[in-house]
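Please look over the sequence and the model shown here.

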Amino acid sequence: MALSIPLCLFNRHRPKRGTVAWDGDGYAGRCRHCGVDIVRRSRRLWRRADTAPKNSSD
Ligand SMILES: [Zn+2]
């Protein structure tokens with residue numbers, strides 16, 4: 001339903017309990033909604049984990 005549509009489309013995810021772990025550089029986990037790997041950028045702000053190597057700085 002409409003309420004089940006999360007903010008994932010805006011790259012704002014929510015971690016699922018039990019999936020969050022310290023990976024040495026920050027907290028990483030898995031989105032409870034869409035299931036993608038996410039990393040914590042700041043407090044209460046989770047973004048999709050960028051696993052693709054960057055060839056340019058932005
Ligand atoms: Zn998500």
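**Strands, hairpins and a glycine**

E3 and E4 form a hairpin with two residues between them, and arginine 44 in the turn has a positive phi of about 65°. Strands here are DSSP runs of E, at least two residues long, and helices are runs of H or I of at least four residues, both numbered from the N terminus. The model is a predicted one, in which local features need pLDDT of at least 70 and side-chain atom pairs count only at pLDDT 80 or more, while totals for chains, interfaces and linings use all residues. Residue numbers start from 1 along each chain, as its sequence is written.

Strand E3 covers residues 37–42 and pairs with E4 in the antiparallel sense over four bridges. Two strands count as paired if DSSP finds at least two bridges between them. Within this pair, arginine 40 has tryptophan 46 in E4 as its bridge partner.

On to the next pair. E2 and E3 run antiparallel and are joined by three bridges. Arginine 30 stands opposite aspartate 37 in E3. The hairpin of E2 and E3 has six residues between the strands, and glycine 35 takes a positive phi near 80° there.

Strand E2, residues 27–30, is also joined to E1 by two bridges, and these two strands run antiparallel. Here alanine 21 has alanine 28 in E2 as its bridge partner.

Put together, the four strands make an open sheet in the order E1-E2-E3-E4, with antiparallel pairing. Strands E1 (21–22) and E4 (45–48) stand at the edges with a single partner strand each, so one side of each is left without a neighbour in the sheet.

Which residues does glycine 29 contact, leaving aside its neighbours within four places in sequence? They are Pro15, Lys16, Thr19, Val20, Ala21 and Ile38, where contact means that C-beta atoms, placed from the backbone, lie within 7 Å. The C-alpha atoms of glycine 29 and valine 39 are separated by 6.2 Å, with the two residues 10 apart along the chain.

How values were computed: Contact = placed C-beta atoms within 7 Å.
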